[in-house]
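Hello,

Here is the structure I promised to pass on. Please open it first, then read the notes below with it on screen.

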Amino acid sequence: MGQMRPITSEYDYLSQMVPHHEDAITAARQLRRSTRPEMRQLGQSVVTTQTAEVGRMKGWLEQWYRQSPAPSPSGTTMPDLSGLSGDQLDRTFLQHMIPHHMMAIMMSQQLLMHGEAQHADEMTPGPYRRSWPGLAPAR
């Protein structure tokens, strides 16, 4: 499984968060095969929101860091779910999505607390900002 590298700048955050989101999107697409409507809905919600966020973050990388290397994954944080079905698919997705999401929260926390964050309020996706309500004022 992938490891989080330290976040010390907006570029670090964006270049790590893009592949992190893409990992979640890949896993969430597998939930189309779930037998539970709520899991299929969760999967579609993850795909929809994180696809939009990836587009926004890639746009910021292009706008603010055109001269920097493109994002590259440091490893996956979600397992390959393509061979799973039924309860095993749903359970495995949830068991891995929780720490995956916590990693994103920690990345956002590092940016807000330690990074050079010129555009932090614009960049830090809402769910992560809301997960740590004391962070923004602490900056």
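Thr 77 counts as buried, because its relative accessibility is 12% and the cut-off for buried is under 20%. Keep in mind that this is a predicted model. Thr 77 sits in the loop between H2 and H3. Its side chain makes a polar contact with the side chain of His 100, at 2.4 Å.

Next, the core. The largest nonpolar core holds 28 residues. Those with the most contacts inside it are Tyr 13, Leu 14, Met 17, Met 57, Leu 81, Phe 93 and Met 107. Which elements give two or more residues to this core? They are helix H1 (10-29), helix H2 (37-64) and helix H3 (86-114). H1 gives the most, with nine residues.

Now H1 itself. Of its 20 residues, 17 are buried, so the rest of the structure largely encloses this helix. Its length also checks out. At 1.5 Å a residue, H1 should span 28 Å, and its end C-alpha atoms are 28 Å apart, which agrees.

Is Tyr 13 buried or exposed? It counts as buried, because its relative accessibility is 0%. Tyr 13 is also among the residues with the most contacts inside the core. Tyr 13 and Met 57 are 44 residues apart along the chain, yet their C-alpha atoms are separated by 9.6 Å.

On to H2. This helix has 28 residues. From its first C-alpha to its last it reaches 40 Å, close to the 40 Å expected at 1.5 Å a residue. Which residues of H2 are buried? They are Met 39, Gly 43, Val 46, Val 47, Gln 50, Glu 53, Val 54, Met 57, Trp 60 and Leu 61. An α-helix has 3.6 residues a turn, so residues three or four places apart point the same way.

Last, the packing of H1 and H3. How far apart are their axes? The axes are 11 Å apart, and the two helices pack at an angle of about 165 degrees. Angles over 145 degrees count as roughly antiparallel, so H1 is roughly antiparallel to H3. The crossing of H1 and H3 is left-handed.

Best wishes

Definitions and conventions: Residues numbered from 1 in each chain as written. Predicted model: local features only at pLDDT ≥ 70, side-chain atom pairs only at ≥ 80, totals over all residues. Heavy atoms only, no water. Core = buried A, V, L, I, M, F, W, Y, C linked by side-chain atoms within 4.5 Å. Buried < 20%, exposed > 50% of the residue type's maximum accessible area, 1.4 Å probe, protein only. Helix = DSSP H or I, 4+ residues; strand = E, 2+ residues; numbered from the N terminus. Polar contact = N/O pair within 3.5 Å; in protein donor to acceptor, adjacent residues only side chain to side chain. Expected span 1.5 Å × (residues − 1). Axes fitted to C-alpha atoms, helices over the stretch in contact; angles between N-to-C directions. Parallel < 35°, antiparallel > 145°, perpendicular 65-115°, else oblique. Left-handed = near helix turned anticlockwise from the far one by under 90°.
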